[in-house]
Amino acid sequence: MHLQDFKMKKCMSRTTKNVLVVSFGFLLLFTAYGGLQSLQSSLNAEDGMGVISLSVIYGAIILSSMFLPPIMIKNLGCKWTIVISMGCYVAYSFGNLAPGWASLMTTSAILGMGGSPLWSAKCTYLTISGNLRGQKLNKKGQDLINQYFGIFFFIFQSSAVWGNLMSSLIFGQDSNIVKVPEENLQFCGVATCLDNFTIIGNSTRPARHLVNTLLGCYIGVGVLAMIFVAAFLDNIDQGLAKEFRKNKGNESFCSTFLATFKLLRDPRLLLLIPLTMYSGFEQSFLSGEYTKNYVTCALGIHYVGFVMICFGATNSLCSFAFGRLAQYTGRIALFCLAALTNLGCFVGLLYWEPHPNQLPVFFVFSALWGMADAVWQTQTNALYGILFAEHKEAAFANYRMWESLGFVIAFAYSTFICLSTKIYIALAVLALTMVTYLYVEYEEYKHPTPPAIMDDLQKPEKADLKELNDEVIAQTHL
């Protein structure tokens, strides 16, 4: 009995270790990319180059979502898909070393092509881990999936803290920091419109050597993320990848290519499209509009990092809390909380006139946004993993595709319409989101999705692990 208890704990520790390796790998990678994304609208503001580069990123993610995730995951497995895709993100940091239309757009496209496989592989890996452990311990897989996504986003979202802390500390050394002229403050917030896009308070670009120092740090942590995941993450679906490569003649390329689109025949996925796209709208609003038209405009670019640190810290803590809380409150209560929080923030931003004397308010909005985003990220990812457990790769590819479409649309009209109009659009999408989401929950209540059977996923395990798994399962029935 003691030996069996020891083996069960060993199995559980391996799963926990893998979840932590994925989480800290993404933490390192997005410490670089997240900080860089927050600065694009201010750092590369000439002719909207920074915002357009973000549009190219998410446009390429939409393209890659159509075919790359199932092909890469089935051929390479989740682990090596993650490692290779991380390299695409590092390339974007290199592109910012000499920012120009050619370098920035090229590396943006490279990042976008790796974006969907990266996130699909991560979601697939956590879903497999949750279902496997749930089956071994005779627990509900969806509860463990919620916990794993909560742990992941708790660690991952803190990347906003470290990435933005690096940028704030480095840019804080700039001797060119000036106070925002009082007359320029009238153009901040919803006063930003077509006639005054170029009149943004204190968007002075930091010294070039400070930008290069920051990018060097970002490149370093990105490369470290690749090495960390390659060295320590278990290849839990290695057997499935080998079997697919061995028998790939039985499954045509077209079948794999169309897997993402075939899942659109499921009405539940169609109804989740507004929810998924809204995730892109709300994230792009914070990183593209709030940081530029409120923070940079009224306080200066050196404050962007500090405000986003508040967002990241709140997001991280709430992600962990909501991942655990979901099994007691259910998803619906959390989604409603996030919707009401975003609604309040949007209405507040419509009427708020930002001013440097109101410094705490800048952080209150970012903290509330972090709490709401924690729900959108943890619960939407978990919802996809639960509803489409039999088609994980295609489901999460759809998730990235539709979320990226939300990003692309929001970034595309960023320099063409007034900020107030953007807020009204986001509110309309939020309203549609809640209607379609609640209908999905109603259908799920009437016709529950059966738990995933993960027996076929025992094949990737080595012989000794398979024997251990059998003993663990046997122990749970004693």
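**Figure 1. Phe-171 in helix H6 of the predicted model.** Phe-171 belongs to helix H6, which covers residues 159-171, in a model that is predicted. With a relative accessibility of 2%, Phe-171 counts as buried, since the limit for a buried residue is under 20% relative accessible area. The C-alpha atom of Phe-171 is 8.5 Å from that of Leu-214, although the two residues are 43 residues apart in sequence.

**Figure 2. The protein chain as a whole, as context for the close-up views.** The chain contains 17 helices and 0 strands, and 60% of its 478 residues count as buried. Among the contacts in the chain with a separation of 6 or more, 87% are accounted for by residues 24 or more positions apart. The chain exposes about 18,800 Å², of which carbon and sulfur atoms supply 67%.

**Figure 3. Helix H4 and its kink.** Helix H4 runs over residues 101-137 and has 37 residues, and the distance from its first C-alpha to its last is 53 Å, close to the 54 Å expected at 1.5 Å a residue. Within H4 there is a kink of about 30° at Gly-114, a position that lies shortly before the proline Pro-117. Of the 37 residues in H4, 29 are buried, and the helix is thus mostly covered. Just after H4 comes Asn-138, which takes a positive phi of about 60°.

**Figure 4. The pairing of helices H2 and H3.** Helix H2, made of residues 49-65, and helix H3, made of residues 68-95, have axes that come within 14 Å and cross at roughly 170°. The two helices are therefore roughly antiparallel to each other, because angles over 145 degrees count as roughly antiparallel. On the H2 side the meeting residues are Ser-53, Leu-54, Ile-57, Ser-64 and Ser-65, and on the H3 side they are Leu-68, Pro-69 and Tyr-92.

**Figure 5. Thr-260 in helix H10 and the residues around it.** Thr-260 is found in helix H10, residues 259-262, and is buried, with a relative accessible area of 0%. When residues up to four places away in sequence are not counted, Thr-260 touches Ser-65, Met-66 and Pro-70, and also Ala-394, Ala-397, Asn-398 and Met-401.

Figure 6. A kink of about 50° is centred on Thr-291 in H11. Because 27 of its 32 residues are buried, H11 is largely enclosed by the rest of the structure. Not counting residues up to four places away in sequence, Leu-271 touches Thr-436, Tyr-439 and Val-440. Just after H11, Gly-300 takes a positive phi of about 115°.

**Figure 7. Phe-388 in the loop between helices H14 and H15.** Phe-388 is placed in the loop that joins helix H14 (359-387) and helix H15 (392-412), and at 2% relative accessibility it counts as buried. Leaving aside its neighbours within four places in sequence, Phe-388 is in contact with Leu-263, Asp-266, Arg-268, Leu-269 and Leu-272, as well as with Ala-395. Asp-266 is 122 residues from Phe-388 along the chain, and the C-alpha atoms of this pair are separated by 9.6 Å.

**Figure 8. Asn-381 in helix H14.** Asn-381 lies in helix H14 and is buried, with a relative accessible area of 1%. Apart from its neighbours within four places in sequence, the residues in contact with Asn-381 are Lys-122, Cys-123, Phe-149, Phe-153, Phe-396 and Tyr-399.

Technical notes: Residues are numbered from 1 along each chain as its sequence is written. This is a predicted model: local features need pLDDT of at least 70, side-chain atom pairs count only at pLDDT 80 or more; totals for chains, interfaces and linings use all residues. Side-chain values use heavy atoms; hydrogens and water are left out. Helices (H or I, at least four residues) and strands (E, at least two) are DSSP runs, numbered from the N terminus. Buried means under 20% relative accessible area, exposed over 50%, partly exposed in between (1.4 Å probe, protein chains only). Contact means heavy atoms within 4.5 Å. Accessible areas come from the Shrake-Rupley method with a 1.4 Å probe; for residues, only the protein chains shown count as cover. The expected span of a helix is 1.5 Å times one less than its number of residues. The bend at a residue is the angle between axes fitted to the seven residues ending there and the seven starting there. Axes are lines fitted to C-alpha atoms, for helices over the stretch in contact, and angles run from 0 to 180 degrees between N-to-C directions. Angles under 35 degrees count as roughly parallel, over 145 as roughly antiparallel, 65 to 115 as roughly perpendicular and the rest as oblique.
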